[in-house]
Amino acid sequence: MATRSFNVWRGDSSGGDYVEYTTDITEGMVVLDAVHQIQAESANDLAVRWNCKAGKCGSCSAEVNGMPRLMCMTRMADLPEGQPVNIKPMKAFPVMRDLVTDVSWNYRVKEKIAPFAPREPDVDDGTWRFPQEDGDRVQEFRKCIECYLCQDVCHVLREHNKHDEFVGPRFLVYLAALEMQPLDTGDRLLEIKDDYGIGYCNITKCCTNVCPEGITITDNAIIPLKERVVDRYYDPVQKIWRALTGKS
Amino acid sequence: MTASTNSSDFQTFDYDVLIIGAGGAGLRAAIEAAGDLRVGLVCKSLLGKAHTVMAEGGVAASLANVDERDSWQTHFADTMRGGQYLSQPLMPEFHAKEAPKRVLELEQWGALFDRTKDGKILQRNFGGHKYPRLAHVGDRTGLEMIRTLQDHGIHQGIDVHMECTVTKLLTDDGRVVGAFGYERELGRFKVFNAKAVVLCTGGIGRAFKITSNSWEYTGDGHSLAYHAGAELMDMEFVQFHPTGMVWPPSVRGILVTEGVRGEGGILKNTDDKRFMFDDIPDLYVNQTADNPEEGWRYTQGDRDARRPPELLTRDHVARCIVREIREGRGSEHGGVYLDIAWIKEKMPNAEAHIKKKLPSMYHQFKELAGIDITKEPMEVGPTTHYAMGGVRVDPATQMSGVPGLFAAGECAAGLHGANRLGGNSLSDLLVFGKRAGEYAAKFAAENEDTKADPAQIEAAAAEALAPFERATANPYDIQFELQDLMQDKVGIVRVESEMEEAVTAVRDLKERASVVGVSGNRQYNPGWHTALDLDNLMTVSEAVAMAALERKESRGAHFRDDYPDKEEEYSKFNSVLYKGEDGQMELRREPVPALSEEQSAIIEENR
């Protein structure tokens with residue numbers, strides 16, 4: 001057992017600062033365990049959001065030593081010894097209190113996106129048939145646990161606060177999952193171009209790097225969507241075709 | 001912020017139907033009730049984070065996509081057998097009949113299940129299910145389900161109250177008329193006037209120390225209903241999932257899906273012996289493989305093979321594991337070994353296969369325990385997982401004894417009897433979530449508007465704020481003490497004397513819980529939230545201990561060292577708990593409803 005020290009950001013929307021705590025660390029502990037221990041021992045009112053403690057719900061997102069991480073999946077043993085562990089709330093969203101941020105913007109963004117709209121069933125009994133291979137790439141996107149770490153790390157949101165013009169990597173993944181769903185008949189490309197701001201993404205792949213589910217956000221979701229937008233709206237041959245036929 | 005109880009602090013909302021809890025059951029109920037009605041949905045956490053997200057293995061429905069011999073009748077018989085014939089028979093019948101429709105509906109709303117070779121929804125084997133029956137998405141089926149319901153639900157005109165906890169139901173003349181709660185962000189109070197209320201609050205796992213459940217599972221719905229005058233049933237039956245992680249200590253209790261065994265994983269003790277072959281219960285002898293080769297063939301889809309003993313019901317597997325550990329044949333850290341890596345003897349590309357079929361298990365062990373499950377065995381042991389007991393409801397409408405108060409999902413009783421089969425929980429949420437939403441909407445349409453009594457609201461507010469006026473016991477200390485107590489004395493192996501101690505100790509802790517204090521203010525204060533959850537935990541703990549004490553036999557998830565066998569006398573009733581005239585918890589025996597002729601015939605055919 002070893003005692004480790006932590007600098008935990010405490011405060012609310014009006015401001016705050018780091019507070020130092022120490023607690024004992026046993027084998028296998030993750031950062032969230034340490035935060036809970038501090039909460040039970042010396043700071044009963046330390047605000048932290050969590051649920052499953054198994055990397056499945058995406059609630060305990062924070063910045064640990066400057067990196068957007070799930071606290072429940074960050075093992076103490078993997079953090080450098082001999083220096084305090086620094087924990088602060090996600091920067092891309094307004095602070096509610098301590099480590100908890102107001103992520104309601106994400107819920108509002110999702111509501112704006114046109115929902116899944118399936119084609120007519122393939123069989124009279126109301127069911128569909130499609131091969132596993134057609135579902136594979138969408139299943140990758142549907143692993144998303146909505147931890148919003150990709151949103152937090154994205155400089156368009158984090159540094160430039162373009163929340164009104166850009167939906168962020170999470171929702172580009174969501175859009176890709178809809179657009180590539182084998183049964184979906186919706187078409188969201190115009191919105192992806194004009195309203196959801198896909199052009200803001202300059203494929204630095206920061207989002208892919210922080211995704212705790214290992215979703216290849218940039219390569220598998222964002223770039224294919226960019227290609228679809230380019231093919232339809234910026235390809236000169238297509239442009240002439242549209243001018244001549246009036247069809248999109 | 002001052003601890004004012006001024007009623008101007010309340011935000012008031014008027015609904016036809018209020019749903020408390022936004023996991024699978026709550027979301028499904030809300031979708032069903034929405035449309036012309038005003039529907040409010042309260043979630044204790046953020047939307048989409050409820051415990052359903054943790055479900056791994058799959059959703060049980062007799063689609064018969066993989067084995068055309070499957071039918072609702074077999075699913076019904078399997079569920080009854082799994083529940084040791086203490087289920088309310090109509091519920092397994094509705095469940096088995098309606099689950100396929102509910103699963104197909106999810107596909108219509110965007111769920112993307114794994115596929116069979118001919119492009120249908122794929123189904124996998126699971127404990128206690130005769131045929132491959134679980135529709136699934138790798139080992140993250142719960143995530144797929146809750147996300148599908150969430151993404152569909154947000155377009156149905158449902159009012160969602162996130163991070164909001166209900167602390168009291170409001171009643172008028174014996175009928176429920178609304179609820180009182182607080183939102184976490186600023187600690188403000190919310191008053192909900194509602195013609196019908198549906199409880200979908202999940203389980204009680206936080207009453208135990210080792211659990212796969214998150215902080216939310218404090219028996220809120222059970223306790224809210226009990227205090228509003230509803231009855232609880234089958235509370236002695238707490239499912240200890242046989243395979244939770246045991247090492248390192250901080251991850252103890254985190255679930256390891258039954259899907260590992262469904263894919264061919266085997267259980268071994270420290271002598272490298274596959275101990276599950278040693279004890280196969282009479283009810284299952286005909287359906288269980290008697291050699292490893294047959295068991296393996298079953299997991300690989302051989303229709304003529306019988307299931308390996310690792311896929312016996314959860315209660316039995318958990319007990320066998322406890323036996324191995326108690327008799328000194330456990331693993332290094334007090335569990336047993338669960339080995340999926342061995343399948344490399346049987347198939348090429350075993351490593352890739354395991355990663356494809358069990359991705360989150362691979363991830364979980366790699367990240368949290370530093371174990372590569374494609375190469376070495378996992379250490380596992382029982383973890384508190386699920387409450388079969390809950391609010392006693394009408395099987396068809398899901399209405400409790402309190403008019404206007406409904407319950408569905410884990411917080412309702414009646415489907416699973418003495419033991420739940422894996423995969424039957426996700427289908428339970430869908431089938432009975434839908435029913436509860438439907439009948440709550442009907443109740444609301446047929447009844448007049450209601451208005452809560454201001455005195456009840458003031459009293460609820462005063463009670464919620466009381467911990468700020470005190471600064472005595474630490475709420476976390478009381479919670480930990482209760483968890484230790486329930487784990488040690490009312491856990492997986494029970495005896496009379498220990499449970500008697502537990503009942504007394506819980507009542508004592510209840511006294512102490514009523515004087516806990518909290519520091520800080522009302523703004524997102526987990527200490528305060530923990531203090532307010534304590535009363536619910538005490539209520540359900542007392543109910544579990546009392547019902548367990550009453551049942552002097554071993555059946556399903558309830559195992560007694562002093563009465564290790566099943567007893568005929570106890571096969572005939574369910575234990576019902578209710579608040580007596582003097583405010584004390586009382587218990588009565590309620591006869592198990594008789595089977596219909598058709599039901600009896602189905603059970604006979606499937607013996």
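These notebook entries record what I looked up on two interfaces of a predicted model.

**Entry 1: chain A against chain B**

I began with the contacts between the two chains. On the side of chain A, 59 residues are in contact with 63 residues of chain B. I then looked up the buried area: chain A and chain B bury about 5,100 Å² between them. Carbon and sulfur atoms account for 54% of that area. Within chain A, the residues that lose the most area to chain B are Lys56(A), Tyr107(A) and Arg142(A). Together these three make up 15% of what that side buries.

**Entry 2: polar and charged pairs between the chains**

I next looked up the salt bridges, and six are found across the interface of chain A and chain B. I noted one between Lys56(A) and Glu56(B), with a distance of 3.2 Å from N to O. For polar contacts, I recorded 32 residue pairs between chain A and chain B.

I also asked which elements of chain A give two or more residues to the side that touches chain B. They are helix H1 (31-41), strand E6 (95-97), helix H2 (104-112) and helix H3 (132-141). H3(A) gives the most, with five residues. By class, I recorded 31 nonpolar, 11 polar and 17 charged residues on the side of chain A that touches chain B.

**Entry 3: the domains of chain A**

I turned to chain A by itself. Its domain assignment gives domain 1 (2-94) and domain 2 (104-245). The centres of these domains, taken over C-alpha atoms, are 32 Å apart. I found 15 residues of domain 1 in contact with 16 residues of domain 2. The two domains of chain A bury about 1,200 Å² between them, 59% of it on carbon and sulfur atoms. Of the area that domain 1 buries against domain 2, Pro68(A), Ala92(A) and Phe93(A) supply 43%, more than any other three residues.

**Entry 4: pairs and elements between the domains**

I recorded two salt bridges between domain 1 and domain 2 of chain A. I noted a salt bridge of Arg158(A) with Glu63(A), whose closest N and O atoms are 2.7 Å apart. On the side of domain 1 that touches domain 2, strand E3 (61-64) and strand E4 (67-70) of chain A each supply at least two residues. E4(A) provides the largest share, four residues. By class, I recorded eight nonpolar, three polar and four charged residues on that side of domain 1.

How values were computed: Residues are numbered from 1 along each chain as its sequence is written. Chains are lettered from A and ligands numbered from 1 in the order in which they are written. This is a predicted model: local features need pLDDT of at least 70, side-chain atom pairs count only at pLDDT 80 or more; totals for chains, interfaces and linings use all residues. Side-chain values use heavy atoms; hydrogens and water are left out. Contact means heavy atoms within 4.5 Å. Buried area is the accessible area (1.4 Å probe) that two parts lose on being put together, summed over both. A salt bridge is a side-chain nitrogen of Lys or Arg within 4 Å of a carboxyl oxygen of Asp or Glu. A polar contact is a pair of N or O atoms within 3.5 Å; within protein, one must be able to donate a hydrogen and the other to accept it, and residues adjacent in sequence count only if both atoms are side-chain atoms. Ala, Val, Leu, Ile, Met, Phe, Trp, Tyr, Cys and Pro count as nonpolar, Asp, Glu, Lys and Arg as charged, and the others, Gly among them, as polar. Domain bounds come from an automatic or database domain assignment.
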